[in-house]
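Reader: I would like to learn how to read charges and salt bridges in a model like this one. Could you take me through it step by step?

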Amino acid sequence: MITIDNVHYSYASNIEALKGVSLTINDGDFIAIMGQNGAGKTTFIKHFNGLLKPTSGTVHVNGIETTKTSVATLAKNVGFVFQNPDNQLFSETVEDEIAFALKNFKYDKKTIEEQVTWALDFFSLTQYRKTSPFLLSGGERKRVALASVLAWNPDALVLDEPTIGQDHEQKEKLRQFIIQLHAKKKTVIMVTHDVEFVAECNPRVILMRDGKIIADGIAKNILTNPTLLEESSIVLPQIAQIFTKLYPLGLPTDIIDITEAETILLAANAKKQEQLT
């Protein structure tokens, strides 16, 4: 779906934010991009729908080079949710905000009403239907921004720090929805510092540092590699921390999934009980 080839990007201040980055994102990929502040993560994902154009190198979305088409054209296929929702909210009511893109993309009135109602319900925003987004809390505005993009069901969804300001219930709803999208072969890309959320989602993980990609692999391998995590200022997930301490008992250390952890611990306990009898 998205091909990034040797992309460099420099801001007007001559700060080189991306330094020869290459990556292939396939249809249906679920990717988490992680790294310390200033690693180039947000600059990188803004290339995925043409919000930024490479200083050099190329970015193709569905075979189309982003420098040769508009952001509006790319946006229908690649939805983008900013870290700060105030950067994309502007309508007078929550309802109008969610309906805006649907109207621009020429959906019929019935579909617009159905999608707006679905989004309001899913993100627990129904009570704010007629409320100005700017009267809501930061977490609620974040949900409005998510709803306004997810309502038109793009082929790819790019999320910049989606869990900031969200409570556990909303994080779990988001996780379940991302899993549903992934099951439907939708492409989901998120930038996040939330290592526990990534561990629960178990996506492909891209680690960035100083404008470069330093690692690309499954979450289980990346998030249990102390050297890589230290280089990227990322803390080991809690489950991995526990299993690291249990290593002297013969348990593996590359565990981040709670279901796998439960299975291993139950098996270890059963074996211990068998030995005792």
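Reader: How far apart are the mean positions of the positive and negative charges of the protein chain?

Author: Happy to start there. Lys and Arg count as positive and Asp and Glu as negative, while His and the chain ends are not counted; the place of a charge is NZ of Lys, CZ of Arg, CG of Asp or CD of Glu. Here the 28 positive and 33 negative charges have mean positions 3 Å apart. Please keep in mind that this is a predicted model, where local features need pLDDT of at least 70, side-chain atom pairs count only at pLDDT 80 or more, and totals for chains, interfaces and linings use all residues. Residues are numbered from 1 along each chain as its sequence is written, and side-chain values use heavy atoms, with hydrogens and water left out.

Reader: What is the overall fold made of, and how does the radius of gyration agree with that of a compact globule?

Author: Helices (H or I, at least four residues) and strands (E, at least two) are DSSP runs, numbered from the N terminus. The protein chain has eleven helices and ten strands. The radius of gyration is taken over C-alpha atoms, and the globule rule is 2.2 Å times the number of residues to the power 0.38. For 277 residues a compact globule would come near 19 Å, and the 21 Å of the protein chain agrees with this.

Reader: What share of the residues is buried?

Author: Buried means under 20% relative accessible area, exposed over 50%, and partly exposed in between (1.4 Å probe, protein chains only). In this protein chain, 48% of the 277 residues count as buried.

Reader: How many salt bridges does the structure hold?

Author: Side chains of opposite charge can pair when their charged atoms come close. The criterion is a side-chain nitrogen of Lys or Arg within 4 Å of a carboxyl oxygen of Asp or Glu. The structure holds twelve such salt bridges.

Reader: Which residue does Asp29 pair with?

Author: Asp29 forms a salt bridge with Arg204, with 3.0 Å between the closest N and O atoms. Asp29 sits in the loop between β2 (16–25) and β3 (30–34) and Arg204 in strand β9 (residues 204–209), so the pair ties together parts 175 residues apart in sequence. Asp29 is buried at 17% relative accessible area, whereas Arg204 is partly exposed at 22%.

Reader: Which residue forms a salt bridge with Arg209?

Author: That partner is Glu231, and the closest N and O atoms are 3.6 Å apart. Arg209 lies in strand β9 and Glu231 in helix α9 (residues 226–231), so this pair ties together parts 22 residues apart in sequence. Arg209 is partly exposed, with a relative accessible area of 28%, and Glu231 is partly exposed too, at 31%. Salt bridges that share partners also join Asp29, Arg204 and Asp216 into one network.

Reader: Where does Asp160 lie, and which side chain of opposite charge is nearest to it?

Author: Asp160 belongs to strand β7 (residues 156–160). Asp160 is buried yet has no salt bridge, and the nearest side chain of opposite charge, Lys46, is 6.4 Å away. Contact means heavy atoms within 4.5 Å. Leaving aside neighbours within four places in sequence, the contacts of Asp160 include Thr42, Phe82, Lys142 and Val191.
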